[in-house]
Amino acid sequence: MDYTILRLADRPELVKAAAAWFHQKWGVPLAAYSRSMEDCLQKSGPVPQWYLAVENGRIIGGLGVIENDFHSRKDLAPNVCAVYVEEDRRRNGVAGAMLERACADMQAKGIGTLYLVTDHTSFYERYGWEFFCMVQASGEPQTARMYIHKPKPRP
């Protein structure tokens with residue numbers, strides 16, 4: 001596979017396509033993605049940020065870094081959100097590469113600790129994330145798993 005991971009802030013011409021792609025995958029209103037991505041382009045702060053994995057002009061994966069991913073723990077921020085890789089491109093390390101890029105980028109912007117809400121177990125541990133606690137997801141009757149990612153200590 002020959003794909004590129006890019007920051008949406010560096011490729012503003014992809015905002016419409018990216019917002020539509022995330023909306024299709026997650027069902028969150030298109031306007032919410034568009035608004036967050038436009039905020040990203042303003043570069044007024046380190047968050048929000050959006051990342052895409054692109055192969056031959058096709059979006060094959062993506063994720064965002066936002067303040068809160070629809071959960072009750074506003075103190076656990078910022079959050080990696082909307083992690084998705086197209087089914088025909090899974091099991092090729094795309095998610096791990098996107099997570100690594102986002103974590104490194106955030107650390108370079110002064111944000112070392114990131115959080116992530118998921119129903120998955122064991123997937124994110126492969127990429128250096130650790131289970132942190134359970135959180136109440138907005139509008140959901142059950143709780144969800146919150147993971148944390150801290151920068152690795154330098155030798």
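Modeller: Helices here are DSSP runs of H or I with at least four residues, and strands are runs of E with at least two, both numbered from the N terminus. This is a predicted model, where local features need pLDDT of at least 70 and side-chain atom pairs 80 or more, while totals for chains, interfaces and linings use all residues. Residues count from 1 along each chain as its sequence is written, and side-chain values use heavy atoms, without hydrogens and water.

Colleague: What makes the second largest pocket a pocket, and which helix gives the most to its lining?

Modeller: A pocket is an open set of points on a 1 Å grid over the protein atoms alone, where a 1.4 Å probe fits, with protein on both sides within 12 Å along at least five of seven lines; lining residues have an atom within 4 Å of a point. H3 gives the most to this lining, with six residues. Among the lining residues are Gly96, Leu99, Glu100, Cys103, Tyr127 and His149. The volume is about 230 Å³.

Colleague: And what lies nearest the centre of the largest pocket?

Modeller: Of its 43 lining residues, Trp26, Ala82, Val83, Val117 and Tyr124 lie nearest the centre. S4 gives the most to that lining, with six residues, and the volume is about 1,200 Å³.

Colleague: Why is the largest nonpolar core called a core?

Modeller: Its 23 residues, including Leu63, Val80, Leu116 and Trp129, form a core because they are buried residues of the Ala, Val, Leu, Ile, Met, Phe, Trp, Tyr and Cys types joined through side-chain atoms within 4.5 Å. Buried means under 20% relative accessible area (1.4 Å probe, protein chains only). H3 gives the most here too, with seven residues.

How values were computed:
Buried < 20%, exposed > 50% of the residue type's maximum accessible area, 1.4 Å probe, protein only. Points joined across faces, edges and corners; volume = space filled by probe spheres on them.
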